[in-house]
Each structure stands twice: as structure tokens, then as C-alpha cells.
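Reader: Please examine the model shown below, and let us then discuss it by question and answer.

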Amino acid sequence: MLSKAKVNIILSILEEMYPVAECSLDFDGNDFHFLVRAILSAQCTDKRVNEVTKTLFDKYPSVSSFAQAQQEALAKDIKTCGLYNSKSRNIIKTSQILEEMYDGQIPIESEDLESLPGVGRKVANLIRGELFSIPAVVVDTHCMRVAKRLDFADSDQPLRVEKDLSSCVPKDKWITLGHRFVAHGRALCSARSPKCNSCALEEVCKYGRSQARKR
Ligand code: SF4
């Protein structure tokens, strides 16, 4: 387990490296649109989702238009996001549940969110943080990798990593931490070739130091 002092050093370096800690999925002020984008982002880049949804919401502007959509037609519209059959089914079913049970609104409780098709723990935490400002750590593949390399966690289970991060990072940093780990995973700490040489975290990073010793 990292010491409190080390956690604070890592957080402040990350803050300097990525002063703007924001979700890279577009938000147009419509909570439901954000939920659709989050469902579409499974195994797809946020960039691609933002591109596809530029025109998707012209065709399906509301919860009810998605609830009544033809699955094959919606699948075609979201095809380039991948997993289009299951994603289209999930979006339609989720829209129907929102209409029937939540008056077309997005529920706030994790349990309710995670019961929606296409919404797992990661998406539920993202929604709670972005739409309701409820502290939650979003653990995606970038976050898992960076957290492990920096020695915040040693598990391959997202829930375990979320618990490890939540236990040592101050609650008011949970939302931004996830965004900064994603930004760092994309910029320098890639899966195949992390650029430890150019990383300001190298001296405090378990993986970075082990790589430096080999050089
Ligand atoms: S030193 Fe390397 S492994 Fe550690 S955070 Fe930086 S890029 Fe990632």
C-alpha cells in the first residue's frame, strides 16, 4: 500500500501534467444523451462515439424515440462503434425501462443504474460522477493499467482496483483521478510501450523505477 505522502506526491504531479481533468465523451447538456454515449463507449474510443453521436441524436432526440427505435436500424446507425447488435438492444431496452420506471429520467443510485442493460459498474460510476457530482472512481483499462504500474493496486479485478484507489485517494479527487489516469494512459503510459523516460512520475512509479534499473 502506498504511503499517504507518496499518494499526495503522485496526485500533485498528475495535476500538473493534466490540469484539465475532464471526461472526453461529449456532453451536450442532455443527461440521457450522455448515458447513450457511455453505453456506446464500451470497447470503443470516446472519439469515435463523439463522431457517431454528432448525427445520432438528430434522428433519435429523446428517450422515447430510442424506446421506439427499430433495433436493426439503430444497429446500422451505431455500427462503427462496434458490438452494434448488443449495444442497440441495450440502448432500446434501457430507454424503455427509463420511460416505464423513471419517468424518462436517469436514476441516481448505483443499484438502479447497474440494473439498466449496457450499464455496468464503470458506466454507473461515470454517470454518478459526471451527471450528479457524486464521488466515484471510474476504472477502465487505462485506469487499471496506470493504477497497477504506480502501485495503487495489484489486482486485475476492476472492483478491487476501485476499492484500493478509493481507500487511499481523498474522496474529493475520485472523479478527476479517473480522468487523469485515462489522459495519462493515452498520452504516455500506454499498454505496450510506456514512455517512462519522458514521464514526470518515473521516480515515484514502481514500474518506471524497475524499467530505469534495466537501462
Ligand atoms: S513511469 Fe512509466 S509506467 Fe510509470 S506512470 Fe510513467 S509512463 Fe507509466
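Reader: At what angle do helix 9 and helix 10 pack?

Author: This is a predicted model, in which local features need pLDDT of at least 70 and side-chain atom pairs pLDDT 80 or more, whereas totals for chains, interfaces and linings use all residues. Residues are numbered from 1 along each chain as its sequence is written, and side-chain values use heavy atoms, without hydrogens and water. Helix 9 (residues 141-149) and helix 10 (residues 158-168), both DSSP runs of H or I with at least four residues, have axes 11 Å apart. Between these axes (lines fitted to C-alpha atoms over the stretch in contact, with N-to-C angles from 0 to 180 degrees), the angle is about 55 degrees.

Reader: Why are helix 2 and helix 6 called roughly antiparallel?

Author: Helix 2 covers residues 31-40 and helix 6 covers residues 84-102, with their axes 10 Å apart. Helix 2 and helix 6 are roughly antiparallel (over 145 degrees) because they pack at about 150 degrees.

Reader: Which residues are around the ligand?

Author: The shell (heavy atoms within 4 Å) includes Arg-149, His-184, Glu-202, Tyr-207 and Gly-208.

Notes: Helix = DSSP H or I, 4+ residues; strand = E, 2+ residues; numbered from the N terminus. Parallel < 35°, antiparallel > 145°, perpendicular 65-115°, else oblique.
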